[in-house]
Amino acid sequence: MKSSRAYIILLLLFSAVFMSAPKAHGISFALDSIAEWGKFPRFIVNTYRWGDKFFNGYDSTYVKGTGYKFSAKITTDSWTDGYRFVLPNNKYILMDSDPSTSSGIYLTYLAISAGYDVNLSKLIGGVDRSRKRFRFGFNCMLFAAEAYMIKNDVGSTIKRFGDKNDPAHLNLPFHGINNLTWGIDAYYFFTHKRYSEAASFNFSRVQRKSHGSFYTGFSIYTQKLDFDFSTLPDVLRDQLPDHWTDYHYRVDTHNYCLRLGYGYNWVFHPKWVFGVSESPIVGVRKGFVNSDVEKVSFSLYNRLKTSIVWNNDKWFCGAVVKLDAALVNDKRTTFAGGILSGEAVVGYRFNLW
């Protein structure tokens, strides 16, 4: 009984102090209200405001914020990959894959987003053509950072095979693929107060007046590629290079590169923006390219993306197309691999507080 009475007394005292505190009419998560809680909350709020101004400061003539913390959006994403080999003796191989398509619903609060995707390729076509793909991005006015992982162990389709000038036209399913590419990129925008990549590709800013910016940074990525041609018909397999051990083409390399690029947002109507960004990635490749001997060679990658975005205060929609392409050359064989993706988005912005 004594402990129960003591608990009740403490609860009444706490309630009396809380209700009698100045301006304590309710709990508010506004920054000014949080700053009044004490010295440490005030320090956190001031640090946040400094960081927000430093990383996200912009010229309001060219860029503005959306004015909303939350957004809900419906997305449809489709992508396909393709591969091309240029072989000795004027031979080449061309492959591409059927598109993998998914659709999802996402809820975003500031930079945090969560949602759920449905594999439409499997749901509608009955065949699971999905290839694993993961992307994470952070974008502020000052710089952007990306992490990604792309894996294909499902397969592709051989479309051309043989003599470069007169290849055989095929539609041959090819399942001897086990490819994995992953890496991180980070890059700085030189004209970051007047150009917003987030306005044209992330829907989290609004570009008010046309402008562009050069950017530069680094890219570190790993390629692990394995194409197993041993199951091909003899008439095709006999045309492969002699130095392809066990009829395999393998790449296992680490790449350390400089990323250079230019982005431009064209505001052709107060509610519309067309964005384009082109970025070659050049550096050194260290590892094994269809050989047991580790070598250091030239590395080349390229990222191209374009978008069109419509903003109408709370409502927004857009379409984004991206093309990533890599080139690997070991003096005897030239390999080019690329991924083409497209995303359509419809969303609604709002505030809860």
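Arg160 has His169, in strand β9, as its bridge partner. This pairing comes from a predicted model. Strand β8 covers residues 156-163, and strand β9 covers residues 168-174. The two strands run antiparallel to each other and share 5 bridges. Together β8 and β9 make a hairpin, with 4 residues lying between them.

## Ser113 in strand β5

Ser113 sits in strand β5, which spans residues 112-119. Is Ser113 buried or exposed, or does it fall in between? Its relative accessible area is 42%, so Ser113 counts as partly exposed. The class lies between the 20% and 50% cut-offs.

Leaving aside residues up to four places away in sequence, Ser113 touches Tyr106, Leu107 and Thr108. Ala72 is 41 residues from Ser113 along the chain. The C-alpha atoms of Ser113 and Ala72 are 9.4 Å apart.

## Cysteines and disulfides

How many disulfides does the model contain? The count is 0, where a disulfide requires a pair of cysteine sulfur atoms within 2.5 Å. In general, a disulfide is a covalent bond that joins the sulfur atoms of two cysteines.

Cys140 has a relative accessible area of 5%, so Cys140 is buried. Cys317 has a relative accessibility of 24%, and therefore counts as partly exposed. The cut-off for buried is under 20%.

Key: Residues numbered from 1 in each chain as written. Predicted model: local features only at pLDDT ≥ 70, side-chain atom pairs only at ≥ 80, totals over all residues. Heavy atoms only, no water. Pairing = 2+ DSSP bridges. Buried < 20%, exposed > 50% of the residue type's maximum accessible area, 1.4 Å probe, protein only. Contact = heavy atoms within 4.5 Å.
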